[in-house]
Amino acid sequence: TAAATSAPALPRRHGLKLPLLCFLVSATFGLTLALLHNFTWADTRITLASEGKQYLLALQQMVALLHSADWSVVSAQGSVLAQLLLDSPLLNMLYVPVFLLSGQVPSAADWPALCIGQSLVHACIAGLTTILVGKATQNPFWAVGAGILFAAYPPALLQTGHFMPEAPAALLIMVLIWALSSLKRPVAGPLTAGLAAALLMIWQPLMIPVLVIALFFGCMQFTPRGKAFVYAIAAAFVVLLPWSIAVLASSHSGALTNQRPADYRQAAAWNTESDGWSYGPPGQQADLNSQREGALPVAFAAWQNHPEECLRLAACKVTRLLALPWNDFKNRAAGVDMSGQIFWHQVLLCAGLYGALYFIFCRYSKMKPSNRVAVELAMVLLIGHFTYLLIDTTARNAFTATPLLMVLAFFGLASSGRNEPTKAPAERPRINAALSCLIAAMIVTSLIMHGEKLTRRDDAKICANYLTF
């Protein structure tokens, strides 16, 4: 009896002892599914659809410029740097080295190489999802399950055949969280996170405040804290300063981020005449708003002139951001049609919200600081996606939040299933509150999705009815 008391049996939650093996399992599964989707299952080729052709043009110009070493090369679409300033160099940084080594300028005929590259990105996201869930749950089975489920997520599979920067951006977000939660060295972690954050800042300026907050809180676990944050900021400026020099040389502007017309985007985003869409004629209201200088004055003028309509439009933007998966062409993926993808997305959204709420109500005080960093950063970056409400919001903007929802969902499910005999009765109200919030989230999601026609014409009516309710 004494021996049994002094040497209790080890629980099954023994931690993620083989993170590399778990990473490889999820990544291999994700790569296999992505290649099968692109070269066997895909019904429609969308590699260069939407803005894919524009990104390919920027890639062609950059590769041709580096091959010729002639910095005066100018195409029909403008200079190479001007094109990069408009689209950000995120995709080019991944694919330019590949085509430079191959010795050829990419063309539309090279779509298989682009699909393979996007498939590798998808595999890495699945692997890092496994690592982060394993860090948060200390359970390799939940970790691998999360990676496999993300690998099979239909909208993510569709993006492996679409030449767009959202998948690489999602990978950078996961790299940032992994660097701050898994790399124990006080120099390597902040440096890696700073580099990833800088690339994300160039890609999407709206995320700059959230990324700085994430870096700050993530660096608080390192010793000394202030020095770690300085390392992260220094690494970010290693990327941002050369980019700002290139911007200055090309456009004579000292901006650090991509040069999109912020004034017009705000005018179109809060244009109640077009229901906040930037496609098509902007209308008289957008013309008046765009005459103001600065993005904030434009948005303030729209709210000042049409407060009720803008409030209704803001509620509609929440629906557009979260309620639907990103599938502009309603394609099937891995045999799952659009209705199945909507259901999958709804379940993931509810489970992710539950995981976030369960962490706040029940698990925050019990977890070691080193283990809860991944969950904290996932929540911060997930909340940061609401900055997309400031522009013409679509489900595309929330795609980079998908792996974050997966981390939170599996953290909540794994934590809820733990047997803790020492659980105090005083904690039961917290658990009940978390479960109640989950039910509320499911009800809200079902209300938002009720009668959804997946068309922009009906979207405003659905959101107006939801706001009235």
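## Surface and overall make-up

The chain has an accessible surface of about 21,600 Å². Carbon and sulfur atoms hold 66% of that surface. Areas follow the Shrake-Rupley method with a 1.4 Å probe, and for residues only the protein chains shown count as cover. This is a predicted model: local features need pLDDT of at least 70, side-chain atom pairs count only at pLDDT 80 or more, and totals for chains, interfaces and linings use all residues. Residues are numbered from 1 along each chain as its sequence is written, and side-chain values use heavy atoms, with hydrogens and water left out.

The secondary structure comprises 21 helices and two strands. These are DSSP runs, numbered from the N terminus: helices are H or I with at least four residues, strands are E with at least two. The chain has 469 residues, and 49% of them count as buried. Buried means under 20% relative accessible area, exposed over 50%, and partly exposed in between (1.4 Å probe, protein chains only). Of the contacts with a separation of 6 or more, 77% join residues 24 or more positions apart. A contact means heavy atoms within 4.5 Å.

## Helix α10

Is α10 enclosed or open? Of its 16 residues, 12 are buried, so α10 is largely enclosed by the rest of the structure. Among the buried residues are Gly189, Pro190, Met201, Ile202 and Trp203.

A loop runs between α16 (307-322) and α17, and Lys330 lies in it. Lys330 has a positive phi of about 55° although it is not a glycine. Lys330 counts as partly exposed, at 46% relative accessibility.

Ala334 is found in the loop between α16 and α17. Ala334 also has a positive phi of about 55° and is not a glycine. Its relative accessibility is 37%, so Ala334 counts as partly exposed.

## Gln341

Gln341 is placed in helix α17 (residues 338-363). Gln341 is buried, with a relative accessible area of 0%. A polar atom of its side chain lies 2.9 Å from the backbone oxygen of Asn331.

Leaving out residues up to four places away in sequence, Gln341 touches residues including Pro154, Pro155, Leu158 and Pro325. Asn331, Arg332 and Ala333 are also among its contacts.

## Aromatic pairs and a charge over a ring

The count comes to 10 aromatic pairs. Rings of Phe, Tyr and Trp (its six-membered ring) pair if their centres lie within 6.5 Å; planes under 30 degrees apart count as stacked, over 60 as edge-to-face and the rest as tilted. The rings of Tyr354 and Tyr358 have centres 5.7 Å apart and planes at 50°, so this pair is tilted. Both residues lie in α17, four residues apart, about one turn of the helix. Tyr354 and Tyr358 are both buried. For Phe359 and Phe411 the centres are 5.7 Å apart and the planes at 70°, so the pair is edge-to-face. This pair links distant parts of the chain: Phe359 is in α17 and Phe411 in α19 (residues 402-416), 52 residues apart. Phe359 is buried at 3% relative accessibility, and Phe411 is buried at 1%.

Phe216, Phe217 and Phe229 form one aromatic cluster. The charged end of Lys317 sits over the ring of Trp270, 5.0 Å from its centre. That label requires NZ of Lys or CZ of Arg within 6 Å of the ring centre and within 35 degrees of the ring normal.

Terms used:
A polar contact is a pair of N or O atoms within 3.5 Å; within protein, one must be able to donate a hydrogen and the other to accept it, and residues adjacent in sequence count only if both atoms are side-chain atoms.
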